Amino acid sequence: MDAGGNIATKDEQKAEVLNAFFASVFNSQTGYSQGGQPPVLEDREGEQNKPPIIEEEAVDDLLCHLDSYKSMGPDGIHSRVLRELAEELAKPLSVIYQQSWLTGEVPDDWASVTPIYKNGQKEDPGNYRPVSLTLVLGKIMERFMLSVLTGRVKDDQGIRPSQHECIKGRSCLTNMISFYDQMTCLVDDRKAVDVVYLDFSKAFDTVPHSILLEKLAAHGLDGTTLRWITG
């Protein structure tokens with residue numbers, strides 16, 4: 001159902017209604033804090049402008065370690081096929097990834113957004129969650145990006161030791177174990193324990209991209225990678 005209360009029946013109309021709602025929850029803050037221009041990275045002894053290198057061997061290693069039981073992407077190519085063809089695909093993919101990183105361009109068909117029904121009335125677009133379906137080949141490129149981001153932010157102490165979400169080797173389970181350990185120690189010492197739970201509605205959707213880019217730049221992310229993320 002659109003904003004006017006009309007029911008959309010055609011696929012294109014439903015896509016427009018859902019797209020309008022998903023876009024409405026994004027943070028409207030788009031300007032940069034410094035004169036409306038993207039953050040300028042300072043050159044730290046040439047490190048900032050050093051172009052990234054994606055080795056053929058690294059691509060081959062990631063292809064060989066793909067999980068054959070994971071579902072395929074929107075392109076219909078199963079990860080098992082990519083795994084068995086790792087030796088043939090490693091070189092051309094490394095060239096594509098390298099060019100994408102250097103130019104800041106991401107192929108449009110690497111990902112698509114699909115609405116997933118959560119609960120409530122199916123006519124209400126607010127009861128659908130936008131989920132990004134990424135090609136397996138696109139996820140491999142993201143692995144290279146992730147290694148650069150986490151390495152830079154960790155080195156600059158941007159991620160605290162108490163962080164568990166989106167950290168390799170950590171999860172909700174490790175978070176609960178750490179919390180339970182601290183809480184029980186306080187209870188054993190007969191100390192009062194107060195727990196406050198906070199849930200930010202659509203937390204990831206409402207992060208202003210401009211502020212996120214500025215924070216990445218402040219942590220010393222190289223200009224090439226920053227352009228790729230911006231694109």
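A pocket here is an open set of points on a 1 Å grid over the protein atoms alone, where a 1.4 Å probe fits, with protein on both sides within 12 Å along at least five of seven lines; lining residues have an atom within 4 Å of a point. This is a predicted model: local features need pLDDT of at least 70, side-chain atom pairs count only at pLDDT 80 or more, and totals for chains, interfaces and linings use all residues. Residues are numbered from 1 along each chain as its sequence is written, and side-chain values use heavy atoms, with hydrogens and water left out.

The volume of this second largest pocket is about 360 Å³. That volume is the space filled by probe spheres set on the points, with grid points joined across faces, edges and corners. Helix 1 (11-24) and strand 1 each supply at least two lining residues. Helix 1 gives the most, with seven.

Now the whole chain. It has eight helices and two strands. These are DSSP runs numbered from the N terminus: helices are H or I, at least four residues, and strands are E, at least two. The order from the N terminus is α-α-α-α-β-β-α-α-α-α. Of the 231 residues, 25% are buried. Buried means under 20% relative accessible area, exposed over 50%, and partly exposed in between (1.4 Å probe, protein chains only). Among contacts (heavy atoms within 4.5 Å) with a separation of 6 or more, 62% join residues 24 or more positions apart.

The largest nonpolar core has 19 residues, and Leu63, Tyr97, Met141 and Phe144 have the most contacts inside it. Such a core is a set of buried Ala, Val, Leu, Ile, Met, Phe, Trp, Tyr and Cys residues joined through side-chain atoms within 4.5 Å. Helix 2 (56-64), helix 4 (86-103) and helix 5 (136-155) each supply at least two of its residues. Helix 5 has the largest share, six residues. Apart from this core lies another, of five residues, among them Leu216, Ala217, Leu221 and Leu226. Met141 touches Ile54, Tyr97, Ser100, Trp101, Trp110 and Trp228, not counting residues up to four places away in sequence.

Gln98 sits in helix 4. It counts as buried because its relative accessibility is 15%. Its C-alpha lies 6.8 Å from that of Ile53, 45 residues away in sequence. Beyond four places in sequence, Gln98 contacts Pro52, Ile53 and Ile54.

Ala111 belongs to strand 1. At 38% relative accessibility, Ala111 counts as partly exposed. Ala111 touches Ser132, Leu133 and Thr134, leaving out residues up to four places away in sequence. Asn127 is placed in the loop between strand 1 (111-117) and strand 2 (128-134). Asn127 counts as buried because its relative accessibility is 13%. Neighbours within four places aside, Asn127 is in contact with Ile116, Tyr117, Lys118, Asn119, Gly120 and Gln121.
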